[in-house]
Amino acid sequence: MKIDPWSSTIYQDYSRLRDEFGIEEFSKNLWKDLPKPHKLLRRGVIFGHRGFKLITDSVKKKKPWAILTGLMPSGKMHLGHKMVIDEVIYYQTIGADINIAVADIEAFATRSYTLEETKEFALNEYIPNYIALGLNPKKCRIYFQSKLQEVKDLGYILGKKINWSQMQATYGFNGQTNMAHIFSPLVQTGDILHVQLEKFGGNRPTLVPVGVDQDPHIRLSRDIAQAHRLYNVTVTKDNKIGVFVKVDKDISKLLDNAEKILNDLNFKKLKRITEYKAIYIQDAIDEDIKKIDEKLAKIETKLGGYGFFQPSATFHRFMTGLTGEKMSSSKPESAIFLTDSSKEAIKKIMQSKTGGAVTLEEQKKHGGKPDICVVYELFLYHLIEDDKELKEIFSSCKDGKKTCGQCKKYASELIDKLLKDIKIKREEAKDKIKQYLD
Ligand code: TRP
Ligand code: SF4
């Protein structure tokens, strides 16, 4: 199995995705101590992560951390797109430094949009909706890939540590793939890592909230971040902890600097072997590795390196379309767009595929199936805040005490409120948008 970020496949077998790609389960102990955990975190919509512990730790210790995510400005924004931004807004309220890339280069390279068109989509559709949903534009940075020199430079330069075979194996590129497309994952790596440059806030944990289709880019960025490190701290085969210099230049100078750091950290039993480009630390234990690595990363920027933290990521489930297939802009009946009128949205809800039984009789007797019901999914992802109320709907559906008609009516009332609210705020936002752009 291969994940293709540019296809329209939905990857639904979430536990298999975890096993096959080494995505970790987003378990409760990762989020339970965050302030007022968001419903998408609490309810298992975010099902997997890489390196989220760094984020939990930063929040707990009140250390700086960043969010970087990107939007593909193509077409209209629907409820599926709303999830990432809901997450971002939550992280903004708990103190993350928010950065949003408009992926205009990617949209140009991988789809048939001009840079001008993508700009229109971003300015008239996505960003106003983001603000309408609650993003505080004064406390975040939104930029266009094509306009940010540092992102493009970084993409190019970081590409030194990845070769064509690896790109082919990850993305399935072939001789027909155009070069701009081939380069676009590196631009995304530039997006993800540039927030750790001095100018944009320096080295700090960075979380990239995305759908699982983006995992190849996450793996690439994590590998590249690691590959550009000057030092590596690990346990050797014969169970010693060592600091290793990974480059072939300035080895003595790098070892000197590492030694100084180890002294400052109060390690006493150091054995430096310059031919191995190594310092072994006889009085360190496994738990010290992280601490040592962080200190080393910090000085790397002064020694010609980047000292990147590997970026963290969360992966959320995709929404099912109202027709039961994928929610997609190209099938308007499957999606509720944020610009739909209440009337249009309600019509789609009324026609949607629920988990109800064929007849009312049967449903009363055997109950419905909320776990495969798209109306229930609307409640779960978007429309109901209160966990108790949601549980109540779940169990009364299972017990056959609820009818799909009742649910649809309730969902219609809630979507009506939501869309009207967004509409007012979106119009307000549109007027002042330019002042917020980087
Ligand atoms: N590739 C993403 C998409 O298709 C958009 C994107 C660009 C992005 N740069 C990013 C997402 C950086 C996360 C982080 O939607
Ligand atoms: Fe879905 Fe409600 Fe019908 Fe249950 S009763 S299947 S939750 S619409």
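Here are legends for a handful of views of this predicted model.

Local features are taken at pLDDT of at least 70 and side-chain atom pairs at pLDDT 80 or more, while totals for chains, interfaces and linings use all residues. Residues are numbered from 1 along each chain as its sequence is written, chains are lettered from A and ligands numbered from 1 in the order in which they are written, and side-chain values use heavy atoms, with hydrogens and water left out.

**View 1. The whole protein, for orientation.** The protein has 18 helices and eleven strands; these are DSSP runs numbered from the N terminus, with helices (H or I) of at least four residues and strands (E) of at least two. Its C-alpha trace spans about 80 × 50 × 45 Å along the principal axes. A compact globule of 438 residues would have a radius of gyration near 22 Å, and the 24 Å of the protein agrees with that (taken over C-alpha atoms; the globule rule is 2.2 Å times the number of residues to the power 0.38). Of the 438 residues, 54% count as buried, where buried means under 20% relative accessible area, exposed means over 50%, and partly exposed is in between (1.4 Å probe, protein chains only). Residues 24 or more positions apart make up 74% of the contacts with a separation of 6 or more, a contact being heavy atoms within 4.5 Å.

View 2. Which residues of H4 are buried? They are Ile55, Thr56, Asp57, Ser58 and Val59. These buried residues pack against helix H2 (28-31), strand E6 (206-211), H13 and strand E11 (312-316).

View 3. The structure holds 28 salt bridges, each a side-chain nitrogen of Lys or Arg within 4 Å of a carboxyl oxygen of Asp or Glu. One of them joins Lys53 and Asp57, at 3.2 Å from N to O. The two sit four residues apart in helix H4 (residues 53-60), so about one helical turn separates them. In general, an α-helix has 3.6 residues a turn, so residues three or four places apart point the same way. Asp57 is buried, at a relative accessible area of 13%.

View 4. Arg229 meets Glu300 in a salt bridge of 2.8 Å, N to O. That pair links distant parts of the chain, 71 residues apart: Arg229 is in the loop between H11 and E7, and Glu300 is in helix H13. Arg229 also forms a salt bridge with Asp293, whose closest N and O atoms are 2.9 Å apart. Asp293 lies in helix H13 (residues 288-300) and Arg229 in the loop between helix H11 (215-227) and strand E7 (231-235), so this pair ties together parts 64 residues apart in sequence. How buried or exposed are the three? Arg229 is buried at 4% relative accessible area, Glu300 is buried at 0%, and Asp293 counts as partly exposed at 25%.

View 5. Most residues other than glycine have a negative phi. Lys62 belongs to the loop between H4 and strand E3 (66-71) and is exposed, at 76% relative accessibility. Asn239 is not a glycine either, yet has a positive phi of about 65 degrees. Asn239 sits in the loop between E7 and strand E8 (241-245), and at 66% relative accessibility Asn239 counts as exposed.
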